[in-house]
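Let's take a walk through this structure together, one stop at a time. Have a look at it below, and then we'll start with a loop.

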Amino acid sequence: MERRKFLRFLSILLATFLIFFIFNKNSDLPSSKNYHSVVNKAAVELELQPPPRKLTRHVHESDVAHHPLDPLTVQELNQVRSMITSHVLFKGAKYYAFHSVVLEEPLKTRVIRWKEGDPLPSRKASVIARVDGVTHVLRVGLSSGRVEKVDVGKLSGYPTMTIEDMNTATFTPLVSAEFNQTVKERGVDLKDLACLPISLGWYGKKEENRRLIKVQCYSMEDTANFYMRPIEGLTVIVDMDTNQVVEISDNGRDIPIPKAANTEYRFSAQKKLRQKLKPINPISIEQSKGPSFTVENGHMVKWANWEFHLKPDPRAGVIISRAMFRDPDNGELRNVMYKGMTSELFVPYMDPSDAWYFKTYMDAGEYGFGLEAMPLDPLNDCPRNAYYMDGVFAAGDGRPYVRSNMVCVFESYTGDIGWRHSESPITGLEIREARPKVTLVVRMAASVANYDYIVDWEFQSDGLIKIKVGLSGILMVKGTPYTNTNQVSNQEDLYGTLLSENVIGVIHDHYITFYLDMDVDGSDNSFVKVNLQRQQTSPGESPRTSYLKATRSVAKTEKEAQIKLKLYDPYEFHVVNPNKKTRLGNPVGYKVVPAGTAAILLDHDDPPQRRGAFTNNQIWVTPYNRSEEWAGGLFAYQNQGEDNLATWSERDREIENKDIVLWYTLGFHHIPCQEDFPIMPTVSSSFSLKPVNFFERNPILEIPPNFEKDLPVCQPATSTS
Ligand SMILES: *[C@@H]1O[C@H](CO)[C@@H](O)[C@H](O)[C@H]1NC(C)=O
Ligand SMILES: *[C@@H]1O[C@H](CO)[C@@H](O)[C@H](O)[C@H]1NC(C)=O
């Protein structure tokens, strides 16, 4: 073997060994089997092709925090675990589990004061644990060695499930002979059974004082897409603290289990391309001079004029902090957003029947949007020029584990135009000016059981931030005796669409609520509603009878900032800094720009909507309060909706010229269609945060156009050499 080849072989061997070492150390993690297969695949890819820029081979054991907002490191998580488990509360306990172990972020003022090179503010962990059936919130001082109980008041609900909770729940029904019996009677071999843990919400007494979950099952026989083969009507209520079966509801025995045929979506399981499907040649982005962004000290991303801190989070998915833009005019680094994240999701299904009414998920607070984010698939989830970041989280026993390649960062050029102008021949000026639009994308994708959510934070060089959510994955479907719509007298009574023989795609909504702590040139900001109103001209004033006028009003209190979008009463929504004006006297600001979205139509006092009340408006503005970050409440699981964004906002606190937080909810109505079977092509929507009088002029006036000589030329290769 040549020396270079040998060295490469050696490094692959070493990397593989290290990875196995890390994963084996955490092999008590219930889903560690899946990790092994991912790691194996990655190692093989490394041998076959030049490695992408960073297929994470980072060993996290020796990570240290560099920034006040850096997530807890492996060492810190281990320290928290040993401090907690030797605490009196835990020592004599029969049972305990860690539901959340994350950095307790230092006070905002402290973080803002901090400069690179300063010592870090003392590191603290915020722990949510359940001990013998009681939830505790604890603050753990990593340098002080102190463990304190945090009083969060009396809240209904439970913390986010652990991965172990979800896993255990899916197997618990098997302790019941009655369950086994009915599964067998429906013709499903127990070895082909796949079950899902389904949060059950809150509907009254039955869902109180016990941490419960509903389990429903599917047949995996002859398909990996078991979601398309529901054992309809069979619902098992499981107590997650005692692992007991509480109740079995066994309806729908007359509903056949849909066939496995045509449900597969894996590439390896596809037969030859259908004859008429024209293939597309491979496509990729080349950056001959390398990327233009850096990720410093693990979490600080710098690209074009942007700088921000990026971290994976078990509940939010990703958190963007301290987003700042360097003003091209004076080189000053200006604050835009202190913190932005997915705060909560709400996914109510629209079928009130026994096996379906409770399906009203809150994916962040119940399941952990970050916990559900699986490793991204290089080349397909993110382009070849992507950089990957791992999540380091705590398992239910408090031990750290690594979720590799959880987030990717890449520069994107989709052929869009940054700005342009051409002169027509009338002026005699031969002007053709156009600039390409290149952006920086931060991406994560959560697979909350069947459904996949892709969340992109896309930064533009002109200061705009676009937040995009894509929905893909597999529908949650319902079994039915029907195989054709001609068997149904009124299709509208199906609660959805017949997608395949015996399969109904049930109508549902998706709401994704974002927490956006805007700090436009400083923390004290105001929320301004700019209303476009029709004005009538006076008789004789003008040949026109009407025109539009923009009127501005500053929201003084929270209730004035509860916004429902209206097409025929249009507004712009600005977050401005009233204390800072442009050269011309306009207050500097950013506006939230909605795009295609949907609004909740359920009764406000429908039990799921009481819990999902944070979706009652598309926009809310609250005064900054570090205890108010999770729109559905700190304990979203099974809560009664008494503590969420809607109840906070009802306090009607003052928000003018104060540190304020903007909340935006992006919504989708989804009436499934046949194209969504057996897996959904991605559907996306977005909203933007756009500078409005933030800059003195077009901030990307000087960016150069593309020149042929600067661009890499890739020739089709005849052979690989
Ligand atoms: C139900 O079936 C599973 C899988 O075959 C088995 O492990 C379990 O013991 C059965 N439960 C009962 C109560 O028989
Ligand atoms: C901050 O939030 C907590 C939780 O909602 C609340 O109890 C407290 O009153 C809030 N503080 C202020 C000043 O609004």
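Asparagine 502 sits in the loop between β21 (496-500) and β22 (503-506). Strands here are DSSP runs (E, at least two residues) and helices are DSSP runs too (H or I, at least four residues), numbered from the N terminus. Asparagine 502 isn't a glycine, yet its phi is positive, at about 70 degrees. It's also buried, with a relative accessible area of 10%; buried means under 20% relative accessible area, exposed means over 50%, and partly exposed is in between (1.4 Å probe, protein chains only).

Before going on, a word on the ground rules: this is a predicted model, where local features need pLDDT of at least 70 and side-chain atom pairs count only at pLDDT 80 or more, while totals for chains, interfaces and linings use all residues. Residues are numbered from 1 along each chain as its sequence is written, chains are lettered from A and ligands numbered from 1 in the order in which they are written, and side-chain values use heavy atoms, with hydrogens and water left out.

Now hop over to asparagine 262, in the loop between β8 and β9 (293-296). Here too you'll find a positive phi, about 65 degrees, on a residue that is not a glycine. Is asparagine 262 buried or exposed? It counts as exposed, at 64% relative accessibility.

Another backbone feature worth a stop is the cis peptide bond that joins phenylalanine 677 and proline 678, with omega at about 0 degrees. You'll find proline 678 in the loop between β29 (658-670) and β30 (680-692).

Next up is helix α7 (residues 177-185), where Phe179, Asn180, Thr182 and Val183 are buried. An α-helix has 3.6 residues a turn, so residues three or four places apart point the same way. What covers the buried residues of α7 includes β5 (193-198), β6 (212-219), β7 (234-239) and β8 (244-250); contact here means heavy atoms within 4.5 Å. Just after α7 comes glycine 187, which takes a positive phi of about 85 degrees.

Keep going and you reach aspartate 192, in the loop between α7 and β5. Aspartate 192 counts as buried, at 13% relative accessibility. Leaving out residues up to four places away in sequence, aspartate 192 touches Tyr218, Ser219, Met220 and Glu221. From aspartate 192 to lysine 214 it's 22 residues in sequence and 19 Å in space, C-alpha to C-alpha.

So which residues are around ligand 1? They are Leu174, Val175, Ser176, Ala177, Asn180 and Leu190, each with a heavy atom within 4 Å of the ligand. A backbone N or O atom of leucine 174 lies 2.8 Å from a nitrogen atom of ligand 1, and a polar side-chain atom of asparagine 180 lies 2.4 Å from one of the ligand's oxygen atoms. The protein covers 43% of the 360 Å² of accessible area that ligand 1 has on its own, by the Shrake-Rupley method with a 1.4 Å probe.

Finally, zoom out. The domain assignment, automatic or from a database, gives domain 1 (63-149) and domain 2 (325-362 + 440-703). Their C-alpha centres lie 32 Å apart, and the contact takes 11 residues from domain 1 and 10 residues from domain 2.

Methods:
Polar contact = N/O pair within 3.5 Å; in protein donor to acceptor, adjacent residues only side chain to side chain.
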